[in-house]
Amino acid sequence: MNAIAIKHNGEIIDLQTASELGFEGEQILLDNSPDSLEVLRHSTAHLMAQAIKSLYPDAKFFVGPNVKEGFYYDFKTSSEIGEGDLKTIEKEMLSLAKKKYPIEKYEISMDEAKEKFKNDHLKLFVMQRIPSSTVSIYKQGDFEDLCRGPHLPNIGLIRYFKLTKIAGAYLGGDSKNEMLTRIYGIAFADKESLKAYLDQMAEAEKRDHRKLGAEMKMFTFREEVGAGFPIWLPAGGRLRARLESLLFKAHRKRGYEPVRGPEMLRSDLWKTSGHYQNYGENMYFTNIDEIEFGVKPMNCVGHIKIYEDELHSYRDLPIKYFEYGVVHRHEMTGALHGLFRVREFTQDDAHIFCRADQIEEQIIEVVDFVDKIMSTFEFNYKMMLSTRPQKAVGSDEVWEVSTQALKNAMDKNSLVYEIDEGGGAFYGPKIDIKITDAIGREWQCGTIQLDFNLPDRFKLEYNDESNDKIQPVMIHRAILGSFERFIGILTEHYAGEFPMFIAPTQVAIVPIASTHNDYAKELSDKLIDLGADSEIYSKNDSLNKRIRTAEKTRVPMLVVIGDEEVESRTVAIRDRRTREQYNLSESEFLSLIQTKINEVNF
């Protein structure tokens, strides 16, 4: 297998550039490695653009980058393009690929480029973003575009791809600008990998939490309420309450104290913390009595103020606060996605104030907490150690100390982790928890962040053995990440078939006739006393329709009540999980439910 590019000093370079500059490096082969896919998918984006230009000659192109799952291209044409046109574009791409046009690079000055593309306002917009006095252009056949590359040697190497969806996108991501068409796609080096991906996507579509959430009446979004603001319906509210209750007990057992900070704080505090300068574009602000307030995007500043409420001794530490904190963050409308990306969400947030010599034990305790929760939900997970980002507060020395402290805690306890360069929070390095769901998708959930900077900026202190003032270390920690996102992930992980202990409804009770309603209500009340939720399906519909309606909610257990059950104080059970039908006495049934809902503790 021949190389498609090389890696020189950590940078991927196409073969033409490497040859011209005399660069040597590690060969990148056409396989499914990250480096190879970066080159392949970027080249496939250009092949897609070439096909679009062939089919729609007036098309003008903006940008076509790689993204986490494939690539996209933003463009404009006078033709109406819909989902049904994607197969036509794919067919044209395959036809062009058979011609095996070489992909060639050349450079011109910025002035030459502006003259060359003077009638293309999208290209002129792109050039406004290029600081260089020269630009590079990649050409294949009769198609060319501004691009930094790198690209494959020729388009004949592109064979296994799929265009996945079409959407609208504002020029430059700014809602004040014109709307462009965006087409997404995916590409792999071999047919088997493409098929596996498409099978996974088909399964993911069946599990889409937005569809299941609507079917199970868990949550909804309403345009008149506002994009990105979920409304929790009774079934979703019950599921959340169960998750919150389990976590509350787990936190208390581990020494965390429940607290609550305000949802708005004066902007002066956000300036002190650095959020105003480094995170302000993601925040909402308002004025009260001519004083600016910031709606909290995180809970840390509120918890700092709680820590400051009294003096602390070294004997008091660690001090652990936790809060189900409602936060608001400004997200672009195009980025919103069900419960996964919203503008209001609730974090299972906690902050640990500790001594430097307690860092390791606290980090390990949190990791153990993470492991308990993730294994309960049958998630595999990995940990990423994320280092200083470009926008950050604090000195290099402080960042080095805090990053090394995290590494030491992980290494000393033989915990496996990967490095995510530049992925830290602006105030400190962190360990991110990435989980893998039932169909192999990876999700970012919890985080453990080590912070020397905020304690310094707020001048936090405690008294040591000599009564000297010492600055504590602050650990920011969320395990689920947010209830919204985690419930969305759980819904897709279980395909709506939640385990009994957190199911929105544990039991559906279906009385055959109205004469059986009293016993149904009696059972429902006894279930509530056990901490279980039930729903009685007693509407004036046929028995079969009521059973089908109950089953659509994916309730774990369905109970049918008729004359015999009322007379003998029994229940006829249909167990959705085991696909079994059986009868139990009332006491046996209640005991079974109590066992099932109490079988999990974090």
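Student: Which rules apply to the model and its numbering?
Tutor: Residues are numbered from 1 along each chain as its sequence is written, and side-chain values use heavy atoms, leaving out hydrogens and water. Since the model is predicted, local features need pLDDT of at least 70 and side-chain atom pairs count only at pLDDT 80 or more, while totals for chains, interfaces and linings use all residues.

Student: What kind of aromatic pair do F379 and F486 make?
Tutor: Rings of Phe, Tyr and Trp (its six-membered ring) pair if their centres lie within 6.5 Å; planes under 30 degrees apart are stacked, over 60 edge-to-face and the rest tilted. A search of the whole structure finds 22 aromatic pairs. For F379 and F486 the centres are 6.1 Å apart and the planes stand at 65 degrees, so the pair is edge-to-face.

Student: Are F379 and F486 buried or exposed?
Tutor: Buried means under 20% relative accessible area, exposed over 50% and partly exposed in between, using a 1.4 Å probe and protein chains only. By that rule, F379 and F486 are both buried.

Student: Which lysine lies over the face of Y256?
Tutor: A charge sits over a ring if NZ of Lys or CZ of Arg is within 6 Å of the ring centre and within 35 degrees of the ring normal. Y256 belongs to one aromatic cluster with F248, F322, Y324 and F483. At 5.2 Å from the ring centre of Y256 lies K320.

Student: Why is strand β18 described as largely enclosed?
Tutor: Strands (E, at least two residues) and helices (H or I, at least four) are DSSP runs, numbered from the N terminus. Strand β18 covers residues 319–328, and it is largely enclosed by the rest of the structure because the number of its ten residues that are buried is eight.

Student: Which residue of β19 stands opposite E323?
Tutor: Two strands pair if DSSP finds at least two bridges between them. Strands β18 and β19 (residues 344–354) run antiparallel, joined by ten bridges. Opposite E323 stands D349.

Student: Which strands stand at the edges of the five-stranded open sheet?
Tutor: The order is β28-β27-β29-β30-β31, with mixed pairing. Each edge strand has a single partner, so one side is left without a neighbour in the sheet; these strands are β28 (534–536) and β31 (580–585).

Student: In which sense do β27 and β29 pair?
Tutor: Strand β27 spans residues 507–511 and β29 spans residues 557–561. P511 stands opposite I561 in β29. Over five bridges, the sense of the pairing is parallel.
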